[in-house]
Each structure stands twice: as structure tokens, then as C-alpha cells.
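My notes are below the view.

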Amino acid sequence: MNIEDYRKKIDEIDAEILSKLEERFEVAIKIGECKKESGAPILDSEREWQKLEALEAIANPEFAEYDLDVFEAIIAASRAIQENE
């Protein structure tokens, strides 16, 4: 494979990631609605910590630090979506 082939593969992967990310955000909206209906706070630090620990446990050690950086941003974005819906 050459660089253009690799870039095409990255483009395909990015499209898949974007689709799944938007699906995740839709679910986060539903969770936010449940929280608001029950009077629960949007921020659930314990759940966020548990989620990050679980992801770290299954991540490839070579990439775990970077994976967690990405998921911290995803979780923060999900929380922001919940707050703004």
C-alpha cells in the first residue's frame, strides 16, 4: 500500500467513527432526558470514572493513554449535549 491507500483507509475509518459517535450522542441525549425527569444531576463523576477505568482495561496498552484522552473528550461532549438539550 502507498500513502494514498492509507489515507483512503483513514477516511473510511473516520466516517465509521463519526457515525458511531453521533449514535452515541443520540443515546446520551436520551440519558440526559432520563436524568432531568428524575432530578438527577447531569454530571455523574463516579460513572465517568468507572467508564474510563473499564475502557482502560480493554484498551491496547500501546494506545491506552491516547484512547483515554479521546474518551475523556467524548464524555465531556456527551455531558455538554445533555446540559444543552
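These entries take the helix pairs, then the pocket.

**Entry 1: the model.** I am working from a predicted model.

**Entry 2: α2 against α3.** I looked up the geometry of this pair before its residues. The angle between α2 and α3 is about 150 degrees. Their axes lie 10 Å apart. An angle over 145 degrees counts as roughly antiparallel, so α2 and α3 are roughly antiparallel to each other. I also noted the handedness: α2 passes α3 in a right-handed crossing.

Which residues meet here? From α2 I listed Glu48, Lys51, Leu52, Leu55 and Glu56. Across from them, α3 brings Leu68, Phe71, Glu72, Ile75 and Arg79. I then sorted this contact by class. It holds five nonpolar and five charged residues, and no polar ones.

**Entry 3: α1 against α3.** α1 and α3 pack at an angle of about 50 degrees, and their axes are 8 Å apart. That angle makes α1 oblique to α3. The crossing of α1 and α3 is right-handed.

I wrote down the contact residues for both sides. α1 contributes Leu21, Arg24, Phe25, Ala28, Ile29, Ile31, Gly32, Lys35 and Lys36. α3 answers with Ile74, Ile75, Ala77, Ser78, Ile81, Gln82 and Glu83. By class, I have nine nonpolar, three polar and four charged residues in the contact of α1 with α3. Ile75 is on my list for α1 with α3, and Ile75 is also on my list for α2 with α3.

**Entry 4: the largest pocket.** I looked up its volume, which is about 330 Å³. How many residues line the largest pocket, and which are the closest to its centre? I found 14 in the lining, with Arg24, Ile31, Lys35, Arg47 and Gln82 the closest to the centre.

Next I asked which elements supply the lining. Those giving two or more residues are α1 (3-38), α2 (45-58) and α3 (64-84). The largest share comes from α1, with five residues. By class, the lining has seven charged, five nonpolar and two polar residues.

**Entry 5: cross-check.** Arg24, Ile31, Lys35 and Gln82 are among the residues closest to the pocket centre. I had already listed Arg24, Ile31 and Lys35 in α1, and Gln82 in α3, where α1 meets α3.

How values were computed
Residues are numbered from 1 along each chain as its sequence is written. This is a predicted model: local features need pLDDT of at least 70, side-chain atom pairs count only at pLDDT 80 or more; totals for chains, interfaces and linings use all residues. Side-chain values use heavy atoms; hydrogens and water are left out. On a 1 Å grid over the protein atoms alone, a cavity is a set of points where a 1.4 Å probe fits but cannot get out, and a pocket is an open set with protein on both sides within 12 Å along at least five of seven lines; lining residues have an atom within 4 Å of a point. Grid points are joined across faces, edges and corners, and a volume is the space filled by probe spheres set on the points. Helices (H or I, at least four residues) and strands (E, at least two) are DSSP runs, numbered from the N terminus. Ala, Val, Leu, Ile, Met, Phe, Trp, Tyr, Cys and Pro count as nonpolar, Asp, Glu, Lys and Arg as charged, and the others, Gly among them, as polar. Axes are lines fitted to C-alpha atoms, for helices over the stretch in contact, and angles run from 0 to 180 degrees between N-to-C directions. Angles under 35 degrees count as roughly parallel, over 145 as roughly antiparallel, 65 to 115 as roughly perpendicular and the rest as oblique. A crossing is left-handed if the near helix is turned anticlockwise from the far one by less than a right angle, and right-handed if clockwise. Contact means heavy atoms within 4.5 Å.
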